[in-house]
Amino acid sequence: MMTYTAGIDSGSTYTKVVIADVAGNIKGYALEPTGFRLNAVADAALGRALAESGLAREELGYIVATGFGRYQVEFADVQVTDLTAAARGANHFFPGTRTILDVGGQTMKAIRIGAKAKVESFRLNDKCAAGTGAFLEKTARYMGYSTGEIGPLVATSKESVPISGVCAVFAESEVINQLSQGSAPADIMQGAIVSLVGRSVQLMKRVRMEPEFTLVGGILRFERMIDVVRHELASEVNVPPGELVQFTAALGAALLGQRRLQRLHEQELPASA
Amino acid sequence: MAYAAGVDVGSTQTKAVIIGEDRRIAARALVETGANVVRAAQHAFDSALAAGDLREEEVEYVVGTGYGRYKVTFGNTQVTEISCHGRGAVHMFPETRTVVDMGGQDTKAIRVSATGEIVDFCMNDKCAAGTGRFLGAAASALDIALDELGATALRGERPVKITTTCTVFAESEVLSWLGKGKKIEDILLGVHQSIAARSAGLLRRVGLDEQVTFTGGVARNPAMVQTLEERLGLRLNVSEESHFMGALGAALFALDHVLASRAPAAAAAR
């Protein structure tokens with residue numbers, strides 16, 4: 001039976017795949033660095049997600065692509081915008097979600113949604129690295145740390161060093177100045193996070209945010225980022241469990257696939273009866 | 001003969017120019033700014049003195065300019081780099097009405113009067129897009145030396161269209177074009193065209209009036225000159241000394257001071 005669906009989120013930094021069953025349960029998921037061969041990478045990530053779920057490709061009834069590279073995923077049945085997909089995914093985890101903050105490697109989005117996960121307003125930044133995860137990556141790199149080390153590094157921070165966060169390129173001289181004045185790398189990293197969250201809150205204000213707030217996207221893997229958002233909003237925030245924070249849009253795409261699949265079956269049933 | 005000097009402490013390079021009373025350049029020097037800005041300023045000035053075979057006492061007045069102008073500890077006063085670039089450009093090309101200054105970390109558009117006074121200016125210093133840093137990022141992504149960038153770009157025939165604004169994203173866009181099999185020459189020509197488009201926007205904001213003089217370190221890059229000329233549809237004045245224009249302007253302000261302070265003294269002696 002072809003009752004399973006796959007959601008493929010072809011993002012600027014990572015390609016994420018989630019396989020869902022008819023009840024909306026996650027059967028498997030996988031992630032690959034996007035690189036430049038978008039279709040091949042999506043195919044590889046799908047292969048790994050299938051292997052994890054123990055399913056065969058033939059069991060997939062519908063494949064939905066989302067993310068900036070969605071039109072490059074040649075084997076997808078349909079494409080949906082990343083806003084729709086993130087809205088659906090966030091609504092699945094937290095039905096009370098009204099505002100979503102999605103911070104990825106090269107984009108930041110604020111989305112306000114209605115009760116049925118309908119997108120009502122959104123703002124995005126994909127023009128300037130200072131408002132995206134790339135800002136944290138650059139800041140880490142200027143100090144000699146890799147992206148993977150950001151989480152552990154910032155966890156040791158005791159205070160935040162002010163970082164202006166206006167430009168990810170000019171941040172280099174700011175970081176070097178701070179280091180030469182004896183600031184700890186962890187505190188500089190914390191400062192970069194505070195500055196990024198400042199930009200997030202601005203974006204959220206522009207969609208006229210309402211609680212509940214749900215945070216998604218690869219950059220929300222960092223516990224400190226979540227803490228700072230909670231602090232800046234002075235509100236509780238929802239965060240999908242563990243790694244799934246990064247797979248919310250892919251899950252949303254897979255769930256939208258389930259809905260399409262159901263509709264297809266409903267159309268077929270009377271005909272076959 | 002009396003001498004005056006200007007020291008332009010830029011984000012990337014520090015330039016010193018010494019001029020005589022005849023307003024001709026007697027000596028000049030350029031050093032990398034590095035981390036110690038105070039030392040870079042002193043080093044540039046000392047190198048210029050050595051190059052001109054001059055003693056420090058012979059230089060009567062020193063003006064500091066550039067972002068590090070307050071680090072010119074031996075300077076008598078400071079003048080903003082906007083005034084200095086305007087002054088230097090009008091000195092070199094008296095018909096100049098608009099100056100575009102492209103340095104390592106910012107791009108400025110300056111409108112000047114016939115006497116070299118600043119009428120209006122506009123600068124891009126909050127964001128690295130459209131500045132020399134954009135070229136630096138492309139150079140490092142493609143592993144090409146900065147001074148070869150221009151010549152390489154000029155060999156391009158079918159420029160790619162760079163769609164990203166941010167320098168950080170442009171670096172990955174450059175690599176993605178390379179991955180799609182585009183030639184380095186065509187990618188680099190596209191990079192230059194994209195910077196030219198942003199600079200042209202800046203120039204239009206202050207009002208574009210002929211003649212236009214192109215100053216700053218990036219003006220030495222022939223592809224940047226060509227793409228900017230194509231974009232604006234006019235010829236640019238470019239001096240061999242384009243990267244010394246700020247320091248030259250500072251030296252001219254310093255000489256003003258020397259001559260002004262001497263005039264009453266000479267009158268009193270009579």
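How many salt bridges does the rule find across the interface of chain A and chain B? The rule finds two, a salt bridge being a side-chain nitrogen of Lys or Arg within 4 Å of a carboxyl oxygen of Asp or Glu.

## Basis of the report

This is a predicted model, in which local features need pLDDT of at least 70, side-chain atom pairs count only at pLDDT 80 or more, and totals for chains, interfaces and linings use all residues. Residues are numbered from 1 along each chain as its sequence is written, chains are lettered from A and ligands numbered from 1 in the order in which they are written, and side-chain values use heavy atoms, with hydrogens and water left out.

## The interface of chains A and B

Chain A gives 16 residues to the contact and chain B gives 15, where contact means heavy atoms within 4.5 Å. About 1,300 Å² is buried between the two chains, and carbon and sulfur atoms give 69% of this area. Buried area is the accessible area (1.4 Å probe) that two parts lose on being put together, summed over both. Of the area that chain A buries against chain B, 45% comes from A:F36, A:V169 and A:F170, more than from any other three residues.

One salt bridge joins B:E171 to A:K138, with the closest N and O atoms 3.8 Å apart. On the side of chain A that touches chain B, the elements that give two or more residues are α3 (133-142) and α5 (171-180) of chain A. Helices (H or I, at least four residues) and strands (E, at least two) are DSSP runs, numbered from the N terminus.

## Two packed helices in chain B

Two packed helices are described by the angle between their axes and the distance between the axes. In chain B, helix α3 (residues 132-142) and helix α5 (residues 167-179) pack at an angle of about 35 degrees, with their axes 9 Å apart. Axes are lines fitted to C-alpha atoms, for helices over the stretch in contact, and angles run from 0 to 180 degrees between N-to-C directions.

Among the residues that make this contact are B:F134 and B:A137 of α3(B), and B:E171 and B:V174 of α5(B). B:E171 is also the residue that forms a salt bridge with A:K138.

## Local backbone features

In chain A, the peptide bond from A:P211 to A:E212 is cis, with omega near 5 degrees. A:E212 is placed in the loop between α6 (185-206) and β9 (213-216) of chain A. In chain B, the peptide bond from B:E210 to B:Q211 is cis, with omega near -5 degrees.
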